Amino acid sequence: MAIESDVLVIGGGLAGLSSAISAAREGADVRLVTYKQSTLRQASGLIDVLGYTPDGEGPLTDPYDAIPELPDEHPYRLLGEDTVREAMSMFDEVADTYRGGHTDVNALLPTYGGTVKPTARYPEGAAAGLASDDRDLLLVGFEAMPDFDAPHVAAHLEAAGVPFDVRGETIQFPGDLMDDAKVTRYAKLLENNGPVEVRGRERGARDALVERLNPLIEDEGRIGLPAVLGDADAAGVRAALEAELGIEVFEVPATPPSMPGVRLEDRLFEAFDEAGGNFESGNPVVSFDGQDRVETVYVDKQNARIPYSAEQFVLATGGLVGKGVESDREHVYEPIFDCHVEHSEDRYDWFDEAVFGEHPFAGFGVDPDAELRPLDSAGSPEFENLRAAGSVLGGYDFAAEKSGSGVSIATGYHAGRLAAQEAQ
Amino acid sequence: MASTPHVLVIGGGSTGIGIARDLAMRDLDVTLVEQGNLTHGTTGRMHGLLHSGGRYAVSDQASAKECIQENRVLRDIASHCVEMTGGMFVKRPEDSEEYFQKKLDGCRECDIPAEVISGEEARKREPHLAKDIDKAIAVPDGAIDPFRLVVANAASAEQHGARIETHSPVTDLLIEDGEVVGVEVEHKSGPGIRVHGTEGGTEEIRADYVVNASGAWAGQIGDMAGVDIEVRPSKGVMTIMNIRQVDTVINRCRPKGDADIVVPHETTAILGTTDEEVEDPEDYPEEQWEVDLMIDTLKELVPMLDEARTIRSFWGVRPLYEPPDVGSEDPTDITRDFFLLDHEERDDLPGMTSIVGGKFTTYRLMAEKISDHVCEQFGIERECRTDEEPLPGSEDFSVLRDYMEEFGLRSPVGRRSVERLGSRADEVLKTDDPNPVICECEGVTRAEVQDAIEQSGSDLNAVRIRTRASMGNCQGGMCVHRLASELHDTRVDGQTFDEAVAREAWDELLQERWKGQRHALWGQQLSQAMLNYALHATTQNRDNDPADGNPIDFAAFDAGSDASGEPGGADVAADGGERDGY
């Protein structure tokens, strides 16, 4: 007998969680199934809505202003500005550790590559790093952490024209951590003020770090570190550091695995749980039953096929990175329902010659109608009760536009709400 | 004639660098100029096969004999560049029995150790071979790292006093009274170790003798002197797999054909190749069907290749040459032998010799012959020692040991570093500073990267060929910015690489890595490409780097909600206004 729910969401990334939360808030009985770890841990944890237009205009100060000018097939155009705003407001309620909701205007945040990027919401732990803030800035990196080379990032930010002085210093993280210690190890040590050995003496890692940071600070009003400042209690770690250092502390999001991404994922799962949703992870959805409607999907559990049925389904399996869109030498396809994915037959048309050129592959995904139902090649919904959200959608290049999180949240919100309304 | 003749070598591929080393070891004064990086041309674009000679044992026995001879020499003098994988010529049911026998006889005639093994035995050695392979001939093929080999030759040449100038294309030959007396080069950036951002310039380098070892470009150098060198460039594609599906070299045992070899190489396997004449060695089509042909044909030998992940494809150009009277129609018929064209004898133009044709495996022998010829020009007799004297890094290969403890490296990282560095491992890896892994796919540590920067300056592509950093699964997605950071603020030869230099090198490597990956964009590699794109464009905003122009009006953006007690920026959100608590 199948496991039943009103709404079944497939995928546990930003889009899946947004749609699950939104459906649950509508009062539906929602279940979320997700396979592997989501791509949130590969993302910065910043929430972009729109940083650049598809023509490359930007950085945009107000992302909402640009929505009416987007191409027809862009997910934001399907939803409309108001829906995008409602979705962001749901995000603001749920992710209460995020900032930026006080204004429509984009923020500029320093990146680990030394540039700045426009983003709509940022974790409170990144707030003191705003690039439009003109307080001088000290960046500190750790010798054994090659992803964030503070003097290089500082020099790059200066070349980017930031309106403040910025200096970078590199120190050794207290204690003899292995050179390949994971970021979670740093985060835990700082969170627990865990013991490390410094010159033959056992110390708390956070205390020892403060001692190394203090002499570096000159006149700066803020200090930026790689995003390893705690795991579950990042705010506590930051507060402790700020109390000792006497200046504001922030994190610069770094390469995967991203602590800010992981923290956001944890927070959203919590929120979904609080809203009464069920979720399970670790097993893939591999197939389905149904003709005009999806009746049941099958989850592969150690070679057993477990049926899950629902009134409404949301496909939030991700794009090429998350494997919600796959390809072989001849085709690009959506692997679960085989929804239509528009692409050239010649795979040499899938990319541009320049590394940052206009890459058609970046727009691969299913094309939906206004209700976010994926359309077949003739333009009719593939299934009455299947909606898609997030990177599995085509028609936009989130990397170039800096719109990935916003599209995921907005389409997730919309798909979840519609699914819940129809299921009840 | 001066007692120390000055020889100028054009071309920093295996042949040119071999000549430079040989002549420098014979105490001649040598300058080598190369238009790009070392290995920029053909050498850097081969499948890394150390021939046993088996491949030529039927069609070209003279080449086959040279191959097995040099195979033995290189195992000895370049042990840290060679992996003796062994090789097999495998026969499929549809391949000719007669040819199989000919191949076996040919190997024996050329003194190539060859053993016939059953299909079953072949599959025991290589479990992923097709089930219907009849039998195979096992031969001592190997894998060789052309980058490491050329770099070691260059290091040795420099130790013997040679001057090596990369990124310095020859713009003219200096000819006086009907004799070649030197070259004019253009330094793409300042002379010496390559530096971005420093203005280059032209330099006239006078020499007593010029050796044109520019391979597929030899004809273009000849044109500068008004002599005709009919090199016939022939392209071949190679497709790189993300893992080694086989650990020995797999050749198909049939007369000739495209897509008939798989070479295990470091962490990858390389599928090769095609053979098609092109007009211009710099500019030729790189086509989808060539990549498909590799996979579709070689899966007949190793079926799992059909589903396997390719990480990129690249094309190389063979500098084939045949004497004018032969006139082969098909490039596969052109001999792989090399030719020494003394332009004094041939064209009445003293002062220069060109070397054309040949094979990577016999580069040292070619260098020896041409160095003999150069010495002859000066009437000096000095013995070649390159067949005995190990290359730097291969002096004492017993150093290959477990470096995990000693350098605090994880075991596979330590093992791979030591394999790459050979006997230079101690010198490079002994550091008191943290030595984290910079390139995780290939296990390249900071110490190796810094060592490569010291050798090659600000060119991250040159760092790449010395270390393999950015050559693994992610094709630089995770490490290119780290490499740029390693470059930043590093001081080499009195020059400190600033942020602008690091950024330019970063962009260049990113684009170079993209170039070959384009030919592998489906399946997992397309997924990887999207991730790389997202990391660079979304997370770092490198596609809109304000440092590259387009200044930003910072004041127009969110200044934070509590910086001045007032919300920053322009509008208060329409969806409920300001929130409390911060």
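Contact here means heavy atoms within 4.5 Å. The model is predicted: local features need pLDDT of at least 70, side-chain atom pairs count only at pLDDT 80 or more, and totals for chains, interfaces and linings use all residues. Residues are numbered from 1 along each chain as its sequence is written, and side-chain values use heavy atoms, with hydrogens and water left out.

**Exercise 1. Describe the interface of chain B and chain A.**

Step 1. Contacts: 75 residues of chain B are in contact with 79 residues of chain A.

Step 2. Area: the two chains bury about 7000 Å² between them, 60% of it on carbon and sulfur atoms. Buried area is the accessible area (1.4 Å probe) that two parts lose on being put together, summed over both.

Step 3. Charged pairs: the rule finds 7 salt bridges across this interface. A salt bridge has a side-chain nitrogen of Lys or Arg within 4 Å of a carboxyl oxygen of Asp or Glu. The side chains of Asp292(B) and Arg329(A) form a salt bridge, at 3.0 Å from N to O.

Step 4. Elements: those that give two or more residues to the side of chain B that touches chain A include α7 (288-298), α16 (499-517) and α17 (523-539) of chain B. Of the elements, α17(B) gives the most, with 13 residues. Helices (H or I, at least four residues) and strands (E, at least two) are DSSP runs, numbered from the N terminus.

Step 5. Classes: the residues on this side of chain B divide into 35 nonpolar, 21 polar and 19 charged. Ala, Val, Leu, Ile, Met, Phe, Trp, Tyr, Cys and Pro count as nonpolar, Asp, Glu, Lys and Arg as charged, and the others, Gly among them, as polar.

**Exercise 2. Work out how α6(A) and α7(A) are oriented to each other.**

Step 1. Helix α6 (residues 183-191) and helix α7 (residues 205-213) of chain A pack at about 95°, with their axes 7 Å apart. Axes are lines fitted to C-alpha atoms, for helices over the stretch in contact, and angles run from 0 to 180 degrees between N-to-C directions.

Step 2. Angles of 65 to 115 degrees count as roughly perpendicular, and α6(A) and α7(A) are therefore roughly perpendicular to each other.

Step 3. Leu189(A), Leu190(A) and Glu191(A) in α6(A) meet Ala205(A), Arg206(A) and Leu209(A) in α7(A). This contact has 4 nonpolar, no polar and 2 charged residues.

**Exercise 3. Locate the cis peptide bond from Gly58(A) to Pro59(A).**

Step 1. Omega of this bond is near 5°.

Step 2. Pro59(A) sits in the loop between β2 (30-34) and α2 (63-66) of chain A.

How values were computed:
Chains are lettered from A and ligands numbered from 1 in the order in which they are written. Angles under 35 degrees count as roughly parallel, over 145 as roughly antiparallel, 65 to 115 as roughly perpendicular and the rest as oblique.
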